[in-house]
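This report describes the fold of a single protein chain and then looks at selected helices and residues in turn. Please keep the sequence and the model in view while reading.

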Amino acid sequence: MSTADATTRPGAVLADLLPAAGATRARVRDAALVVGGAALTGIAAQIALPVPGSPVPVTGQTFAALLVGASLGAGRGFASLALYALLGMAGLPWFAGGAAGAGGATFGYVLGMLLASTAVGALARRGGDRGPLRTVGTMAVGTALIYAVGVPFLALSTGMSLGQTVATGLVPFLIGDALKAALAMGALPTAWKLLGRRG
């Protein structure tokens with residue numbers, strides 16, 4: 001499939017533009033993309049800034065997880081974030097700030113990222129990353145899913161009330177999430193346009 005075909009074909013995501021002639025090469029490409037997406041998320045998680053009064057830091061991992069989903073599609077996005085989560089649970093210190101394991105109060109956000117990457121990938125296959133407004137909507141859905149799992153998990157882990165948890169595990173991050181959505185709004189549609197011109 002040519003790049004031009006992929007950029008106009010419904011159901012394509014950015015990763016589909018990478019050449020892989022033959023089933024074996026396609027499997028190798030997909031495996032490399034899954035590992036690369038997990039590594040990107042792990043590296044981005046090391047960009048962590050503490051938030052006063054909150055056990056949840058500001059990190060780059062949520063943005064990476066959403067980009068992985070949008071770029072790789074639902075299946076590869078799920079596999080990539082599942083690999084990230086499993087290796088972190090097994091002791092690889094690549095959760096936020098070098099943490100590892102499944103017992104931390106912020107582990108719910110990791111589980112939410114797994115769900116969000118899958119949903120964002122599914123939306124991207126329906127063109128949710130090809131225009132600025134659609135991209136913002138896609139990123140908003142992914143972000144909401146991260147919080148839908150992460151905030152209740154934080155409340156259960158810490159014993160905080162729902163109000164306290166929202167105040168410490170959601171509200172301080174809304175401006176950063178808006179900035180991440182704005183970055184994605186520029187980056188993803190631009191990538192499609194550039195690749196379409198190359199094709």
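## Packing of helix 2

The buried residues of helix 2 pack against strand 2 (58–59), helix 3 and helix 4, where helices (H or I, at least four residues) and strands (E, at least two) are DSSP runs numbered from the N terminus, and where contact means heavy atoms within 4.5 Å. Buried here stands for under 20% relative accessible area, exposed for over 50%, and partly exposed for values in between, with a 1.4 Å probe and protein chains only. The buried set in helix 2 consists of Ala 26, Arg 29, Leu 33, Val 34, Gly 37, Ala 38, Thr 41, Gly 42 and Ala 44.

Helix 2 covers residues 23–44, and its 22 residues reach 31 Å from the first C-alpha to the last, close to the 32 Å expected at 1.5 Å a residue; the expected span of a helix is 1.5 Å times one less than its number of residues.

## Basis of the model

The model is predicted, and local features need pLDDT of at least 70, side-chain atom pairs count only at pLDDT 80 or more, and totals for chains, interfaces and linings use all residues. Residues are numbered from 1 along each chain as its sequence is written, while side-chain values use heavy atoms, with hydrogens and water left out.

## Overall architecture

The chain contains 8 helices and 2 strands, and from the N terminus on these elements follow the order α-α-β-β-α-α-α-α-α-α. The C-alpha trace spans about 55 × 35 × 20 Å along its principal axes. For 199 residues a compact globule would have a radius of gyration near 16 Å, and the 17 Å of the chain agrees with this; the radius is taken over C-alpha atoms, and the globule rule is 2.2 Å times the number of residues to the power 0.38.

Of the 199 residues, 43% count as buried, and among contacts with a separation of 6 or more, 68% are accounted for by residues 24 or more positions apart. The accessible surface comes to about 9,300 Å², with 72% of it belonging to carbon and sulfur atoms, as given by the Shrake-Rupley method with a 1.4 Å probe. The mean positions of the 13 positive and 5 negative charges are 3 Å apart, where Lys and Arg count as positive and Asp and Glu as negative, without His and the chain ends, and where each charge is placed at NZ of Lys, CZ of Arg, CG of Asp or CD of Glu.

Helix 3 (residues 61–72) is largely enclosed by the rest of the structure, because 10 of its 12 residues are buried. These are Gln 61, Thr 62, Phe 63, Ala 64, Ala 65, Leu 66, Val 68, Gly 69, Ala 70 and Leu 72. The end C-alpha atoms of helix 3 are 16 Å apart, in agreement with the 16 Å that its residues should span, and just after the helix Gly 73 takes a positive phi of about 95°.

In helix 4 (residues 74–89), Ser 80 is buried, with a relative accessible area of 0%. Apart from neighbours within four places in sequence, Ser 80 is in contact with Leu 33, Val 34, Gly 37, Ala 38, Val 68 and Leu 72. Leu 86, also found in helix 4, counts as exposed at 54% relative accessibility, and its C-alpha atom is separated by 24 Å from that of Leu 49, 37 residues away along the chain.

Val 58 in strand 2 is partly exposed, with a relative accessible area of 34%. Leaving aside neighbours within four places in sequence, Val 58 contacts Ile 47, Ala 48, Leu 49, Val 51 and Phe 173.

Thr 168, which lies in helix 7 (residues 162–169), is buried at a relative accessible area of 15%. Not counting residues up to four places away in sequence, Thr 168 touches Gly 53, Ser 54, Pro 55, Leu 154, Met 160 and Phe 173.

Helix 6 (residues 132–158) has 27 residues and reaches 38 Å between its first and last C-alpha atoms, close to the expected 39 Å.

Leu 194 has its place in helix 8 (residues 174–198) and is partly exposed, with a relative accessible area of 46%. Leu 194 and Gly 53 are 141 residues apart in sequence and 43 Å apart in space, C-alpha to C-alpha.
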